[in-house]
Each structure stands twice: as C-alpha cells, then as structure tokens.
Amino acid sequence: MATTARPGTRPGTRLVARGGGRVGIDVLAGLAGVHPDLVRRLINLGLIAPSGGTRAAPLFQRANAARLARALRLRRDLGLNYAGAILACELLARIDELEARLGPVAPPERQQEVMTWTRTG
C-alpha cells in the first residue's frame with residue numbers, strides 16, 4: 001500500500017499530532033530548530049529528561065522544545081556556557097511555577113507623584 005506525503009512535508013516524514021503528546025529526539029530537535037546531536041548533549045547535561053519510551057528511543061514532552069530553544073537563546077544572547085544556560089532555564093522555570101501558583105494577582109496601586117514648578121526671579 002503506497003502512502004503519499006501531505007503538501008509541505010518531505011517524503012518519509014512521520015506526522016505527529018499537534019498539542020500534547022510525546023515525540024522522539026529528531027522531532028523534538030526539529031521543533032526547537034536545532035540538530036539532534038545538540039539535543040542529546042543537552043539531555044546528558046540534564047536540561048530535559050525523557051518522559052517515556054525506551055532507553056534506545058526515549059520520548060519527550062513537546063513542551064521541552066521551548067525549553068531547549070530558551071536555553072540556546074540564553075547561550076547565544078548572553079554568552080552563557082551550556083551549564084549556565086541550563087541553570088538559568090531552571091531558575092526561570094521555577095519563577096514561572098511560582099507566578100502560576102500566585103494566580104492573577106494585581107500589582108499594588110502606585111501613588112502618582114505630583115510635582116509643581118514655581119518660577120523664581
């Protein structure tokens with residue numbers, strides 16, 4: 001039985017459902033816009049961890065692509081090494097988690113300062 005690729009996809013490309021779900025390293029690398037070998041390196045450094053699959057073919061949550069991209073932006077834009085980018089990502093994730101736990105809290109009202117000018121002389 002012959003299969004045809006959808007328009008805009010390369011032949012031989014497996015289509016993965018959008019949204020949640022787990023993906024392999026190659027798909028994760030494609031979502032993050034990086035080479036799969038770099039993804040493997042960041043996995044070994046502890047940036048992301050598999051959420052299923054096997055040792056030979058681990059699976060990852062799609063949300064990990066955003067974390068990979070964030071770490072690489074931090075490395076590129078701030079000149080951090082991989083360890084520093086990973087630490088920054090962990091701290092930013094913790095901040096996001098704490099802000100989510102706070103819920104929609106309005107910032108305290110700030111009093112506006114009024115200045116008056118007087119002309120002398």
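Guide: Of the 121 residues of the protein, 23% count as buried, where buried means under 20% relative accessible area, exposed over 50% and partly exposed in between, with a 1.4 Å probe and protein chains only. This is a predicted model, in which local features need pLDDT of at least 70 and side-chain atom pairs count only at pLDDT 80 or more, while totals for chains, interfaces and linings use all residues. Residues are numbered from 1 along each chain as its sequence is written, and side-chain values use heavy atoms, with hydrogens and water left out.

Visitor: Why is Asn 64 called buried?

Guide: Asn 64 has 14% relative accessibility, and buried means under 20%, so Asn 64 counts as buried. Asn 64 lies in helix α3, residues 64–78, a helix being a DSSP run of H or I with at least four residues, numbered from the N terminus.

Visitor: What does Asn 64 touch, not counting residues up to four places away in sequence?

Guide: With that exclusion, Asn 64 touches Leu 28, Ile 48 and Ala 49, where contact means heavy atoms within 4.5 Å.

Visitor: Which residues touch the most other members of the largest nonpolar core?

Guide: A nonpolar core is a set of buried Ala, Val, Leu, Ile, Met, Phe, Trp, Tyr and Cys residues joined through side-chain atoms within 4.5 Å. Of the 23 residues in the largest one, Leu 28, Val 34, Val 39, Leu 42, Leu 47, Ile 48 and Leu 68 touch the most other members. At least two residues of this core come from each of α1 (25–32), α2 (36–44), α3 and α4 (82–102).
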